[in-house]
Every structure is written in C-alpha cells, then in structure tokens.
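Welcome! Take a moment to look over the sequence and the 3D picture, and then we will walk through some parts of the fold together.

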Amino acid sequence: MESPEAVPTGKSCNQYSRELLVCQTTEEFKTWKLNERQQQLVDSSGLGNLVHMADLIIDRTVLRVFCELWSKETNTARFHDFEMAPSLKDTAYILGIPVIGCVVTTGAVLNMSSEQLFFQYLGQVPGCGHCRGSRVKLSWLHFKFSQLSEHPTDEEIVYSTRAYLLEYLIGATLFPEKERGYVSPKYLPLLSDFEEVREYAWGTAALAHLYRALSTAMSSSRKKLFGSTTLLMGWIYEYIPAMRPVTDDAPAHVFPRVCRWTRHTVAQPAMEVSDIRKAFSRLRGSDVNWEPYKDMDPAFIPNACAAPDNVCCSRTWLISFNVREVYVPDRFARQFGQEQHRLNDVCGLQQHQWNASVDWSLEYASEIKHFEQLISATRHDHTTVPTTCTNTEGVFTTASMSREFHDLNLRAMVENIKEEF
C-alpha cells in the first residue's frame, strides 16, 4: 500500500490523487519477510531504518501547497519574510541514514547494459514486459525475490536481500522515479558488498533527489512529486506545528525521528487547499519550531547518522549520479540556531538527464571534491554530534561566505562559458 494519506473532507482520494501524484510507494512493503540472515545484511547496510517510512501519514494537500512555495532558483521554500528547506541534518535525523560518506555515484555502470547489471548482481534478467527503458518494475523484483525457498543457498540470500534493498529501500522510498513503480539498476554496483553500502552518503543523495523533485513538481499540468515524500512530510511536521497530525506525545529521543509521526496518530479530517494556503501565507518566524532536535539525547543517535556542523552548515553540492543540486544552508540559518543575515545569491546550475554512457563521477569531479573536502574535516568516528549548530561562527561569517560563494559562482560561470562554445 501507499503511505497513509489525509484527504480533505468531501473530496475523494481519486480527485486529490490528480491534484498531486506522490511517486513514493510502499506497496507490499510489509509482505516481504526477511529471514534472520537477511535482516543482519540489511542492518549492516545502514539502511535498515527506512522500514519505518511505511506508516507515515502523507498529506498530499499539504505537500501540494508546499510545492507552490518552493523556489528552484534557491532550493528553498519562501514564506512571508524568511526561507526554509530540509537540510542534511534533517535528513540524517528524520530518516536515520548516513549523510556523510562516499558520493552516491559510480563509473561501474559505464558500458554495461541493464541486462548485464541485473544478471551480475541479481542472477536473473527481467523480460521486456517488466521493463520501461532500462528501469524494471518494482513488482517484478517482489515477485522474483520476496519468497525464499525453505533452505536457501547463500547466493539466493544475497540476491534476495540485494533485490529488497533495490526495490523498497531505494526504488520505493529514497529515490522514487517519475515513472512510478520502477527503479533503475544503476544502484546495483553500490549494493555489491553489504558492509560497504553504509559507506555511501545515501541521505545526501536522497536530499538531492527531493530538491530536484520539488523544483519540477508544479511545472506541468499533472502535478507529480517524486523523491522521498516521507522526508518532506516528516520535515514539515518537525518545523511547522500547525501542519502536524494529532498524536500522542512521543518522547524527544525517538530515533529515527520519523517514528514520532508514525505512532499513536489520531485520525482527523484534513484541511482544504485554501485553508493550507492561508495558513502558510500567515506563517511567521515565531510560528516555526526552529530547533526541533535541541532536546535530543546524542546517545540515541548512531554514529553512522551523525550530522557534523561543518558539512550541514556549509554550502556545497548534493550529488546522486546525474542529479546535482546546490545546498544553501546560509539562507535558512535559523534552522541551525544561528541568526539570519543577508540572503546571498545562488549560482545557477544546468540539470542533466540520466545517460548511461556518462561517468558522472568524472562529470561532477569538482563538485564531488568539494563535498569530500568538507567530509575530510569531520572526525572519522563521528562521535561528536551536537544537537544544535553551536560551532558554526566560521561557517556563516561574511568573509567565509564570500570565499565560498565566489568559488561556487565562478565554477558555474566557467561551466556556462564552456556550454556556449
């Protein structure tokens, strides 16, 4: 099934499905039963927390109005006199997955057909009827791999678990495609070694996809939001109390934070579009919960989900294969416990469509290097996990911002000049 959704009173689900199609789907999520060995492999991958996404209430009406506020020029939502956006810290805490690590990309898919990828990493190749281009139906993965034999071989366990990660934890939840119900095999090389899966910054890639999705959601007559709607919905609940569902009080130390909104939810009629627009238009800074994690006990945050200030509070690029989005936390500094200063410009970047013949790790080499430099300044054991951004004086100073922004804008200018020739 899809994540539960709230529907305005007097309106049918079908009417509002046409208003905003949510591409994230958790159909049959709970019907895929993992055995003990598979669960160990999923836990070792660092993506196990994503199973909590299935029960979150998704209010499509709220998301539709929020998409109207999103600026693709700045990757922020623009309210009356301030801007906001989901951050890397939000992603790590809400979903409980890494935002620090290797960029989600690889040159290993170069010159490999989708058939070769499926056979090498899953041991089976889907027929043409189960594919659309290079993408495969999630339902095919479920049909072929969700049921293990009574005494499965080690190879069968590996293939089945890898398919589970590809279908539900990646295709259905983190990176839902515009073509709903399909997933690309390009992620399979990253799932080769379960112990190494956790070394990738999956949360950073998920945020890149969400930014891209928000930038295009309202651009056509058929409104469609791909990317992780669980991340966006959880973020809205954390920061904007007026949009929250009625719930029993959940302890502040619940992790991942999405669990705060999936438990003890009381059914209630959703607001109409006009009411939500009015509520957002009247939203002021005093109505926002700017520091939702200030009461969290760092002991409850796994080291793998650390969100260091030097990364989360710095301008950088969010990369996932061909998806490249600029990250501008200085424009929503209050989310890090900082005073909001002058809003600086954001460089424009060209968006690229997926091309299997392009090595995106080389295409975006300079952007990836910038992100890696931020990570290299982070302690490798991730033991320091501040609950608020208390050590970012150097991040948001005028001098450091000028240097950072000059570099970003200069690279963009060079890029644009190259394209003209």
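Let us begin with a pair of strands: β11 and strand β12 (residues 323–327) run antiparallel and are joined by five bridges. Keep in mind as you explore that this is a predicted model. Strand β11 covers residues 316–320 and is mostly covered, with five of its five residues buried. The two strands form a hairpin with two residues between them, and in this hairpin phenylalanine 321 takes a positive phi near 50°.

Phenylalanine 321 also leads us to another part of the chain, for it is one of the residues in contact with threonine 105. Where does threonine 105 sit? Its place is in the loop between α4 (88–95) and α5 (114–122). Is threonine 105 buried or exposed? The cut-off for buried is under 20% relative accessible area, so threonine 105, at 9% relative accessibility, counts as buried. Leaving aside neighbours within four places in sequence, the contacts of threonine 105 are Leu190, Tyr200, Phe321, Trp360, Ser361 and Ile368.

Now step back to the whole chain. It has 15 helices and 12 strands. Of its 421 residues, 54% are buried. The accessible surface comes to about 18100 Å², and carbon and sulfur atoms account for 48% of that. If you take the contacts between residues at least 6 apart in sequence, 78% of them join residues at least 24 apart.

Next come two open sheets. Strands of a sheet pair through backbone hydrogen bonds, either parallel or antiparallel. Strand β3 (residues 76–78) is joined to β4 by two bridges, and here alanine 77 stands opposite methionine 84.

The other open sheet also has three strands, in the order β5-β6-β7, and its pairing is antiparallel. Here the edge strands are β5 (131–132) and β7 (182–183), each pairing on one side only. Two bridges link β5 with strand β6 (residues 135–137), and arginine 132 has arginine 135 in β6 as its bridge partner.

| Helix pair | Axes come within | Crossing angle |
|---|---|---|
| α5 and α7 (residues 154–172) | 9 Å | roughly 130° |
| α3 (residues 60–69) and α10 (residues 229–239) | 11 Å | roughly 85° |

The helices α5 and α7, by contrast, are oblique to each other. In this pair, Phe119, Gln120, Tyr121 and Leu122 in α5 meet Tyr159, Arg162, Ala163 and Leu166 in α7. The residues of the contact of α5 with α7 divide into six nonpolar, one polar and one charged.

Technical notes: Residues are numbered from 1 along each chain as its sequence is written. This is a predicted model: local features need pLDDT of at least 70, side-chain atom pairs count only at pLDDT 80 or more; totals for chains, interfaces and linings use all residues. Side-chain values use heavy atoms; hydrogens and water are left out. Two strands pair if DSSP finds at least two bridges between them. Helices (H or I, at least four residues) and strands (E, at least two) are DSSP runs, numbered from the N terminus. Buried means under 20% relative accessible area, exposed over 50%, partly exposed in between (1.4 Å probe, protein chains only). Contact means heavy atoms within 4.5 Å. Accessible areas come from the Shrake-Rupley method with a 1.4 Å probe; for residues, only the protein chains shown count as cover. Axes are lines fitted to C-alpha atoms, for helices over the stretch in contact, and angles run from 0 to 180 degrees between N-to-C directions. Angles under 35 degrees count as roughly parallel, over 145 as roughly antiparallel, 65 to 115 as roughly perpendicular and the rest as oblique. Ala, Val, Leu, Ile, Met, Phe, Trp, Tyr, Cys and Pro count as nonpolar, Asp, Glu, Lys and Arg as charged, and the others, Gly among them, as polar.
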